[in-house]
Amino acid sequence: MKTYRLLINGERFEARILEYTPNHAKININGQDYLVQIEEDKTFEVPKLAEQEKAVPMAPAFSSGYDPGTGEIRAPIPGVIVSIPVKEGDEVKKGQTIITIEAMKMESEIASPVDAKITKINIKERSLVQEGDILMLLEGVEIKAKPAAKPVRNQAPAQVDVSAAAPDNVLRAPIPGTILDVKVKAGDIVQDGDVALVLEAMKMESDIHFQKGGRVLKVHVSRGDSVQESDPLIELEA
């Protein structure tokens, strides 16, 4: 599993999702395993781990993930977009909340790092994003001309997609979760941006979108199925 490096209230954490089911998750934080029970209408029996002495603190507001050379606002952590209180063309002030993101049942606000204008919004509410995804483009006084091309870590698009470079044309699960609904069937013709299915992860429902068109060859999952990260969901014809 991928390790997520977090800086919360000045303290560094390394977190990995080891296991996820609809009623609990097992997360390793700084070498310590935690079992997190997800509350439902009824109580589930969840095993307990010994020596759980320290709880994970609430996430603070984020102002990182900003490139002043390009105006790009990038996701500081993986999560689900809860709300976008601004729109393209809006003028925002430094410190103003422009996005709210939820990760591991914690909502965090992403603030504008400068006085700027919102020139482009790349994500939608309920979209799943990965660390480093481009969320918005800003135009402000601190933004300079875009420098010559250089390697940028994690240039994946904001919405979960079937990568154009993927030779098997398979849409895969971005994180562990439960399939709530499947929007397509074998033989359907889909377009760029169509919703493929609805995934519940960390108590949030998220639409999973195609980012290329084609004919659905095979649907690997059904409503109610539990999936793990990278599991195949839907396959398109080559």
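This is a predicted model: local features need pLDDT of at least 70, side-chain atom pairs count only at pLDDT 80 or more; totals for chains, interfaces and linings use all residues.

Tutor: Residues are numbered from 1 along each chain as its sequence is written, and side-chain values use heavy atoms, with hydrogens and water left out.

Student: How many cavities of 30 Å³ or more does the whole structure have?
Tutor: Here's the general idea: rolling a probe the size of a water molecule over the atoms shows where empty space is left. A cavity is a set of points, on a 1 Å grid over the protein atoms alone, where a 1.4 Å probe fits but cannot get out. In this structure, the search finds three of 30 Å³ or more.

Student: Which residues lie nearest the centre of the largest cavity?
Tutor: Tyr-4, Ile-17, Pro-78, Met-104 and Met-202, out of 16 lining residues, where lining means having an atom within 4 Å of a point. The elements giving two or more residues to that lining are β1 (4–8), β2 (11–20) and β12 (128–129). β2 gives the most, with three residues.

**Strands and sheets**

Student: How many helices and strands are there?
Tutor: Both are DSSP runs numbered from the N terminus: helices are H or I with at least four residues, strands are E with at least two. This protein has zero helices and 21 strands.

Student: In what order do the four strands of the open sheet come?
Tutor: Two strands pair if DSSP finds at least two bridges between them. Here the order is β14-β21-β19-β16, with antiparallel pairing. At the edges, β14 (170–172) and β16 (189–190) each pair on one side only. Three bridges join β14 to β21 (residues 232–236), and Val-170 stands opposite Glu-235 in β21.

Student: What stands opposite Thr-178 in β17?
Tutor: That's Glu-200. β15 (residues 177–182) runs antiparallel to β17 (residues 195–201), with four bridges joining them. Two bridges also join β15 to β20, where Ser-226 is the bridge partner of Thr-178.

**The core and the loops**

Student: Which residues touch the most other members of the largest nonpolar core?
Tutor: A nonpolar core is a set of buried Ala, Val, Leu, Ile, Met, Phe, Trp, Tyr and Cys residues joined through side-chain atoms within 4.5 Å. Buried means under 20% relative accessible area, exposed over 50%, and partly exposed in between, using a 1.4 Å probe and protein chains only. Of the 55 residues in the largest core, the answer is Met-136, Leu-197, Leu-233 and Ile-234. Leaving aside neighbours within four places in sequence, Leu-197 has contacts (heavy atoms within 4.5 Å) with residues including Ile-179, Val-221, Leu-233 and Ile-234.

Student: Where is Arg-126?
Tutor: Look in the loop between β11 (116–121) and β12. Arg-126 counts as partly exposed, because its relative accessibility is 31%.

**Confidence**

Student: What pLDDT does the protein average?
Tutor: pLDDT is the predictor's confidence in each residue, from 0 to 100. The average is 77, and 74% of the residues score at least 70. Over residues 52–58 the pLDDT is below 50, and beyond near neighbours in sequence that stretch has 14 contacts in the model.

Conventions: On a 1 Å grid over the protein atoms alone, a cavity is a set of points where a 1.4 Å probe fits but cannot get out, and a pocket is an open set with protein on both sides within 12 Å along at least five of seven lines; lining residues have an atom within 4 Å of a point. Grid points are joined across faces, edges and corners, and a volume is the space filled by probe spheres set on the points.
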